[in-house]
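Visitor: I would like a close look at one kind of contact in this structure, taken slowly and with the geometry kept in view.

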Amino acid sequence: MESPLQLLCVIEAQHAGLLGPATRVVPRSGLPALRLTRAEMTRLDLPPGLELAEPSAKMPRPGRTWAVGDAFSGRVQMRLLTTASRKVVLVDDGLATIRLLELLVSRRPLLRARAKPGIARSVLGAAAGLRLRGGRLTVFTALPVPDDLAEAVRDRGAELVRHDFGWLRSQPGDVPPDERTVVLGTSLVRNGLIRREAYVKWLSGIEEPIAYYPHRREDPRDLERVRRISGVTVYESGVPAEMTLRGLRPDQRVLSLPSTAVTSLRILLRARGVSVETVEVPDDWWTASAGPSLRSHLQLFAHERVAP
C-alpha cells in the first residue's frame, strides 16, 4: 500500500471478505503519512486475519489474491506481468480509480492523467491493462461510479464492489474539534490546478472560526499562510480525514473543494447528521493546467455544493 487511503480501503476489503482468511498488508516505507496512518490503525480493532506488517521499501510477492491500490505504478505493473496471482483486488486510490476504470473499459494503456510517457512506459501500461482485463479482477470502491461506466466494467468481466466504510464506522471516533466549521485542505493548489491567491482569499472570507485539516500533499509554504489567517486553527494529524473526522457532532459541518474525501465523509457522517458540503470552484480559480476532462471528473464529487 502506497497511500493512507489505500491502506484504509484494503482493511475495508478484508472486513468485506474479499481477501481471504489471512492477509498481510505491507505499507511502503519512507512515507510519513502512511507511517502515521499505520500507527493509528494499530490502536483500532482490525478485522480478523489481517496483519499490518512493518513498512518496507521492497514490494512483497503477491499471493493467490493480491490487493493493490496504485495500478498506474510502474513497479505494480511490472509485478502484474511477472507473477501469477489468481485474483487481483484493486482498492480505492481516490480520483485515479475512476480514470483507471475508464482506461480499462476503453482498452487503452494504464497511464496517469497528464503523464507524458515514453515508448517503454506506454508498452508497459498497455501490457498491464491486458493482464488485468484477462484475469480475475475485483474493483473495491466507495466512489460514485457512473452507471454507464459501472455497466461497462462488469461487461468486461470485472467485479465492481461498492462499500460504505463498514469497518471504520464500527470503530470509536476521535474527539472532534471545538469549531463548528471544518475545512478540508486541498491538493489542487500544489498541483497547479487552482490559483493560490483565490484559495487563500476564500479561506480568509469565512466569517467564523475554522478547524482546518490540511491535505497530506499541501505545500508547507501554503500551509504557513493558512496559519496566519485570523480565526483559522490548523489540525495536522497526518491520517486520512475519514479517520480523523468520523466522530464529528451533528451541529458541525464540513466544507471542501471537490475531492474523493467528500464522498467518503458523506457516507461516514450521514447517520450522525453532519453536513458535508462541496465548495463550487469558480471559473477564474482554475489554471490552464485544469483541462475540461479533469474538471468533469471532479464534478462527480460536487453534489450538495455551496458557493465560495
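Visitor: Which side chain meets that of arginine 112 in a salt bridge, and what is the N to O distance?

Guide: In this predicted model, the partner of arginine 112 is aspartate 70, and their side chains meet in a salt bridge at 2.6 Å, N to O. Arginine 112 lies in the loop between helix H4 (96–106) and helix H5 (119–134), while aspartate 70 lies in the loop between strand E3 (65–68) and helix H3 (74–82), so the pair ties together parts that are 42 residues apart in sequence. With a relative accessibility of 39%, arginine 112 counts as partly exposed, whereas aspartate 70, at 8%, is buried, because buried means under 20% relative accessible area.

This contact belongs to a count of 15 salt bridges, another of which joins arginine 24 to glutamate 51, with the closest N and O atoms 3.7 Å apart. Since arginine 24 lies in strand E1 (residues 23–25) and glutamate 51 in strand E2 (residues 50–52), that pair ties together parts 27 residues apart in sequence. Arginine 24 is exposed at 54% relative accessibility, and glutamate 51 is partly exposed at 41%.

A further salt bridge brings together the side chains of arginine 253 and glutamate 208 (3.0 Å, N to O); arginine 253 is in strand E10 (residues 253–256) and glutamate 208 in the loop between helix H8 (196–204) and strand E8 (210–213), 45 residues apart. Here arginine 253 counts as buried at 18% relative accessibility, and glutamate 208 as partly exposed at 21%. Both residues also take part in a network of salt bridges that links Arg180, Glu208, Arg253 and Glu277.

Methods: Residues are numbered from 1 along each chain as its sequence is written. This is a predicted model: local features need pLDDT of at least 70, side-chain atom pairs count only at pLDDT 80 or more; totals for chains, interfaces and linings use all residues. Side-chain values use heavy atoms; hydrogens and water are left out. A salt bridge is a side-chain nitrogen of Lys or Arg within 4 Å of a carboxyl oxygen of Asp or Glu. Helices (H or I, at least four residues) and strands (E, at least two) are DSSP runs, numbered from the N terminus. Buried means under 20% relative accessible area, exposed over 50%, partly exposed in between (1.4 Å probe, protein chains only).
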